[in-house]
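User: Please examine the structure shown below. I shall then ask about its fold, its core and its ligand shell.

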Amino acid sequence: MKLDLLHEHADRAYPILAALITPRPIAWVTTLHENGKVNAAPFSFFNMIGDDPPMLMFCPGNREDGTPKDTARNCRRTGEFVVNLVDEPLGEVMVRTSASLAEDLSETESEGLATSASSTIATPRIAQAPAALECKLHDIWELGGNRMIIGLVQCVHVRDELFDPVTLRIRAQAYHSIGRMAVPDWYCRTDDQYEMKRPR
Ligand SMILES: Cc1cc2nc3c(=O)[nH]c(=O)nc-3n(C[C@H](O)[C@H](O)[C@H](O)COP(=O)(O)O)c2cc1C
């Protein structure tokens, strides 16, 4: 099959690409509204883009009416955000925070999610998250009805048991992140990992 995403199958681009480009990591992004409330929403158009400097990106599309989502709006206004990472126990509440709330309401409040102060930015992080990446906004690229928000990672908070202080590595076998699969509702677990040695 050949699928033409610019013409014949243009209206299927989202479900086709989102089912093929899998699994996708999930950024559960907290941002701060001007009323002081914490906005939380998940984004699976997300990845790290480098380590020197440490940078990541995620992509909030516009709503159907063409307006930016609250996360995009708050990032632009404050110049900062936190990417909270998601493990299996947090999966269901993460999905619930994808519901559209009025922009001045807080998903962390409506879901009873505790937050903790960040170290380098004003935006709080989700206390229960296995890890949280404090980011300052580097750039926003507008891309049609989408945008790429690029952040410089200032600081990482990680649960004590996930970090090995001797090797200075994350204990990958203890970190049960989940990934997004086909839209709208499919996910994967990541506890069936295997090793393939790279050639030297
Ligand atoms: C797992 C998951 C991943 C999502 N990924 C994206 C994404 O990459 N881009 C996007 O625009 N919306 C994505 N969404 C939908 C947003 O989370 C949703 O539109 C949310 O209401 C945005 O909230 P906000 O207006 O508070 O920013 C995703 C939803 C889920 C459940």
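Analyst: A residue is buried if 20 or more other C-beta atoms lie within 10 Å of its own, exposed if 12 or fewer, and partly exposed in between, with C-beta atoms placed from the backbone. Helices (H or I, at least four residues) and strands (E, at least two) are DSSP runs, numbered from the N terminus. This is a predicted model, in which local features need pLDDT of at least 70, side-chain atom pairs count only at pLDDT 80 or more, and totals for chains, interfaces and linings use all residues. Residues are numbered from 1 along each chain as its sequence is written.

User: How many residues of strand S3 count as buried?

Analyst: Strand S3 covers residues 46-51. S3 runs antiparallel to S4, with 5 bridges between them; strands pair if DSSP finds at least two bridges. A hairpin through 2 residues connects S3 to S4.

User: Which radius of gyration does the protein have, and why is it called as compact as a globular protein of its length?

Analyst: The secondary structure comprises 4 helices and 13 strands. The radius is taken over C-alpha atoms, and the globule rule is 2.2 Å times the number of residues to the power 0.38. For 200 residues the rule gives 16 Å, and the protein is close to this, so it is as compact as a globular protein of that length, with a radius of gyration of 17 Å.

User: Which residues does Ala27 touch?

Analyst: Ala27 is among the residues with the most contacts inside the largest nonpolar core, which has 29 residues. Such a core is a set of buried Ala, Val, Leu, Ile, Met, Phe, Trp, Tyr and Cys residues joined through C-beta atoms within 7 Å. Contact means that the C-beta atoms of two residues, placed from the backbone, lie within 7 Å. Not counting residues up to four places away in sequence, Ala27 touches Pro42, Phe43, Phe46, Phe58 and Val83.

User: Against which strands do the buried residues of H2 pack?

Analyst: The buried residues in H2 are Asp70, Thr71, Ala72, Asn74 and Cys75. They pack against S1, S2, S5, S8 and strand S9 (146-158).

User: Which element supplies the largest share of the shell around the ligand?

Analyst: The ligand is surrounded by 17 residues, the closest being Ala41, Phe45, Lys69, Asp70 and Thr71; a residue is near a molecule if its C-beta atom, placed from the backbone, lies within 6 Å of it. Strand S2 (38-43) and helix H2 (70-78) each supply at least two shell residues. The largest share, 4 residues, comes from S2.
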